[in-house]
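Subject: Structure handover

Hello,

Please read them against the coordinates.

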Amino acid sequence: MIVRNIVLVVIIVAVVVSIMPNIPYVFSWAGVTSSMMRGEPKQTVDCADSQYQLLCGLGTKNNVERKAYIQLWLDEDMNLEYQELPILWRKGMSDFVLTFPGKGYPDDKNCTVLSAHYDKAPHNQESEAGLDNTAGVYSLMLLAEKIKQESQAGNPPESCAIIVFSGEEETGWGGAYVFDKWITGEGIGWSVKDVLVVDSIGRQGLYVGATGNGTGIYFHMPFVGRRATNLHSVYEGADYWPINMNVADKLKMAGKNAGIKIKVYPDIVGWSEDEYYYKKGYDVVRVYGDDFKYYFNYIDTLDDKTENLDPKSINDAVSVFWEYINLGIK
Ligand SMILES: [Zn+2]
């Protein structure tokens, strides 16, 4: 009898010990599971439709062509002043920086930075790189158009905004590096309040994950420790750093104002420019799309097409970003 009770207690303790560290991860997994059950987007992009010309055109270009494409749009369609910051060790690539005064201008020059990288991975030039990061770049093009329109109509955002089309992310953080050097150096006398890195959105919902130098959904295995998965295999997760909850909470508030739910998954870790901004001490989060099944199957492949994107998801992101810069000066 005593032996049986001891065995029972040992089993119960073992179960509790193995479950406890996983409690924070359960929320991430619940999110992953629900996003996977949501299935395909209801609507996708039809590249034959002229309203998607800008998006689909961007998809078909290689890195150097994308730079020219964005610059042509800035010069001819936007007709706004912008700063070109060459990335000297990536021949032909540059950041493009657009600054938009808010209601508090010229006193308020402490701005939200929204950055999206437009380079594709070097081996991936033939792919349309829809999710990574054609949709992100396109969302910031739409945001720039909206801010310009609203400002011209006498309704500038509450807070100033800086949009960065980053020319190099895939082989280092070159775009973030040159922007940081510029804004903290010669700059234009403006400073950075916080940073939203927009990378791999445009299929379903929006979420904020942790910053890291690895990619995966993290969890805890009893007696083994931290592991990560990309839904195909389980591997040792790399370093990660917790979400900046100040920025995440602001983003959730912006989502609320836009009528769009922003999810926060502390144990889903991505690898993008936010690592650079984080290590430099900026208040930064990365904004992702939460179609994990699509992400892990198609990222960096020829099948990551602009036609697989969901226009509603991209428009939702634009609405959230607009609300974010309208939360006021804090
Ligand atoms: Zn990316």
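Which residues of H10 are buried? They are Ser313, Ile314, Asp316, Ala317, Val320, Phe321, Glu323 and Tyr324. Bear in mind that this is a predicted model.

Helix H10 itself covers residues 311–324, which is 14 residues. From its first C-alpha to its last it reaches 20 Å, close to the 20 Å expected at 1.5 Å a residue.

Strand S11 runs over residues 262–270 and contains lysine 263. Lysine 263 counts as buried because 21 other C-beta atoms lie within 10 Å, and the cut-off is 20 or more. Leaving aside residues up to four places away in sequence, lysine 263 touches Gly31, Gly205, Tyr207 and Asp290. Its C-alpha atom is 20 Å from that of alanine 116, a residue 147 positions away along the chain.

For the chain overall, there are 10 helices and 12 strands. Of the 330 residues, 45% are buried. Among contacts with a separation of 6 or more, 82% are between residues 24 or more positions apart. The C-alpha trace spans about 85 × 45 × 40 Å along its principal axes.

Regards

Technical notes: Residues numbered from 1 in each chain as written. Predicted model: local features only at pLDDT ≥ 70, side-chain atom pairs only at ≥ 80, totals over all residues. Helix = DSSP H or I, 4+ residues; strand = E, 2+ residues; numbered from the N terminus. Buried ≥ 20, exposed ≤ 12 C-beta atoms within 10 Å, placed from the backbone. Contact = placed C-beta atoms within 7 Å. Expected span 1.5 Å × (residues − 1).
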